Every structure is written in C-alpha cells, then in structure tokens.
Amino acid sequence: MNLGIVGSGDIVSGMIPLFKTVDRINCCSLCCRKMSFERGKTLVTKYGIPSIYTNLEQFLKDENIDTVYVAVINQYHYEIVKKALDSGKNVICEKPFTTTLSEGIELVNIAKKNKLLLYEMSRSVHTKNFEKIKSNISKLGKIRMVTSNLCHYSRRYKDYLHGEISYVFDPKYGGALADFGIYSLHYMVGLFGKPSHYSYESILGYNGVDLSGVLSLTYSDFVSINTISKCSNGRPYCCIQGENGYLYCDSSPMFCEKAELVLNDGTRQIICEDADRRDEMIYLEKAIGNKNYDDCEKSMEETLTCIEIIEGCKR
C-alpha cells in the first residue's frame, strides 16, 4: 500500500509511527494546509516521507499514491474523500465518516462505481481482540444486557466553556455521540448488527451540542446501554451479560482490551489482553491489497448504520 496522508494534526502525528511499523505500508506523501506547512514539514522530515503538498488536487494526481488516509476535521471528510475517490484512489477515512447519511451513501456508491476500496477507521472492529470477543459471545447463551462506558474530559472543553467552539463541540459536526460515541456504536453494531430501535438522552451545552448522553440500542432479546461524555472522566468498560455468564472488557469499546469471560459454573477465561494498535492498519492493508470488495461492502454497511443512528438521534 502506497499511502498518501491528508492532515497534519494530532491524529496524524499518532498514526504515522504505527503506519511505519507495518511492513507493507509505505507512507509516500503528506498533504496539509498552507498554514500548517511547517508542522507538516516536521512530520515528513521526522518519518522520512518523500513528499509534501499544500494543494489537494496536485496531491491526488501523484501516481505513487494508491490509497489516501483522510484525517482532517469532521466537516471536511466528505469533500476530501469524494475528491480522492474521483481521482481513482482507495480511501481510509477517520471517524466519523460523514456528518449525514446521504453523504455516506453517495461516497459508498462512488467507490463501488469506480471499483475502489473505502473504509472508516473504527479502532475496534478490524482488530484481533474484537474477533476474539465476538467468537466467544456464543458461550454466554442468550444475551440479556449490554452496558458500556466511554467518558473522557476533552482537552478542548475548557476552551468551550470560555466561548471558543472547536469542531468537536459544534452541534452540526461534533458532540459526544458523533465524535466519541461512534466508537461504542461501531462496537455494538459490529457484534450484534443493526438495532430494531434506538434513542439518545443527552445533556446539552449552551450552543445546543450534546456534552454527554446515554445511547440506548434495542435488540430482540436485550438492550445495550452506552454512556458517553466529552465533559467528564469515567472508567471505561464494556460488559456483555448472557444467561450463562458475562464477558467483561476492562477498557473502552474503542480498544477492546483486557476481556474476561466468567460463566455461571465458575469458569473464568482470559479472552484477550492489551491491544496491538497496529491491528487495524494490518487488517486494512490486507483487505485493500487483496481487493476484498465483499469485506469492504460489509464494513461500509456497518458504517452507514452508525451514521443513520447518529443522524436519527440528532433529530
């Protein structure tokens, strides 16, 4: 995979070292805004990336790039992903994929038409730990209750309280559910599919953005209750309860770490330990390299389901 990176922020700074540890990923170019050129230049110099652009159109004409990783602020995802697909590039886009369902459907259709691979980074469902958890759920018997907690005090929250509204606290593009709860949603939809019903009770800030909330997903035999927040800290966890026992994950749905299966007969089994942060990129490189369109279609169906739920909860 010859990867072109769009963005130069904190997410990109954290992801490039992971990309560099995956043998079959070659970070060949980076595109950033003119105002961010010095930051971008620092990144390409530090990690030995051959080229840097400040013009997206020129970047997308680079024939060395076959896949584009989009890691810019939420409201620009749709525009940049569309231009990349129209330029014949496979795309990996940071969450949330798009801010509306119609945009998401349009991008998926463009990818299918152009026979390209399109994925959203979800942090959990494309990992080995997630597969270990999923493969052990049947031992629990009929599922009766699922709960999760993903609450983190945003480093931008103090600025928000003083009237400085970044995109993560913009009610149109961010908020607790869209910017953070998306991880919990991917986890639940990846494990259990599309819920029959959903609802969201939230606490709103002065500009109408959801600062925290409780997302309820209803399935045929159980309810999944997910607490999320960008204005408070809490211990992350996920617990899947069945008639035969429970599976407890001592981490957020974002990473799927430290999961233990505990059955009613006293049996205890460690399902997984710490996550390998490279897992998702190894998975996506293989899927894109092998042109696994079936996997891509399944993954994007789950992404569109998550967008549909978020959009529905905001109405």
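## Residue classes and the second largest pocket

Asp, Glu, Lys and Arg count here as charged, Ala, Val, Leu, Ile, Met, Phe, Trp, Tyr, Cys and Pro count as nonpolar, and the others, Gly among them, count as polar. With these classes, the lining of the second largest pocket in this predicted model divides into four nonpolar, four polar and eight charged residues.

The space in the second largest pocket comes to about 280 Å³. The pocket is lined by 16 residues, of which Val125, His126, Glu131, Tyr283 and Asp295 are the closest to its centre. Helix H6 (128-136), helix H9 and helix H10 (293-314) each supply at least two residues of this lining.

## The largest pocket

The largest pocket of the model has a volume of about 1,400 Å³. Its lining is made up of 50 residues, and those closest to the centre of the pocket are Asp10, Ile11, Ala71, Val72 and Tyr167. By class, the lining of the largest pocket holds 22 nonpolar, eleven polar and 17 charged residues.

Several helices take part in the lining of the largest pocket: helix H1 (10-20), helix H3 (56-60), helix H4 (77-86), helix H8 (176-192) and helix H9 (279-289) each supply at least two residues. The most is given by H1, with six residues. Helix H9 also supplies at least two residues of the lining of the second largest pocket.

Helix H2 spans residues 37-47, and its buried residues are Gly40, Leu43, Val44 and Tyr47. Because these residues cover an arc of only 90° around the axis, they lie on the same side of H2. The face of H2 turned away from this buried side carries the exposed residues Glu38, Thr45 and Lys46.

What covers the buried residues of H2 includes H1, strand E2 (26-31) and strand E3 (51-53). Helix H1 is also the element that gives the most to the lining of the largest pocket. Just after H2, Gly48 takes a positive phi of about 65°.

## Aromatic pairs

Counting rings of Phe, Tyr and Trp whose centres lie within 6.5 Å, the model has 13 aromatic pairs. One of them joins Tyr157 and Tyr160, whose ring centres are 6.0 Å apart and whose planes meet at 20°, so the pair is stacked. Tyr157 and Tyr160 are separated by about one helical turn, because they are three residues apart in helix H7 (residues 157-161). Tyr157 counts as buried because its relative accessibility is 12%, and Tyr160 counts as buried because its relative accessibility is 1%.

A contrasting geometry is found in helix H8. Phe180 and Tyr183 form an edge-to-face pair, with 6.1 Å from centre to centre and 80° between the planes. Both residues lie in helix H8, three residues apart, which is about one turn of the helix. Phe180 counts as buried, since its relative accessibility is 11%, and Tyr183 is buried with a relative accessible area of 5%. Helix H8 also supplies at least two residues of the lining of the largest pocket.

## The aromatic cluster

Beyond individual pairs, ring pairs link Tyr153, Tyr157, Tyr160, Phe169 and Tyr206 into a cluster. The stacked pair of Tyr157 and Tyr160 therefore belongs to this cluster, and both of its residues lie in helix H7.

Terms used
Residues numbered from 1 in each chain as written. Predicted model: local features only at pLDDT ≥ 70, side-chain atom pairs only at ≥ 80, totals over all residues. Heavy atoms only, no water. 1 Å grid on protein atoms, 1.4 Å probe; cavity = no way out; pocket = protein on both sides within 12 Å on 5 of 7 lines; lining within 4 Å. Points joined across faces, edges and corners; volume = space filled by probe spheres on them. Helix = DSSP H or I, 4+ residues; strand = E, 2+ residues; numbered from the N terminus. Buried < 20%, exposed > 50% of the residue type's maximum accessible area, 1.4 Å probe, protein only. Arc of directions from axis to C-beta. Contact = heavy atoms within 4.5 Å. Phe/Tyr/Trp six-rings, centres within 6.5 Å; stacked < 30°, edge-to-face > 60°.
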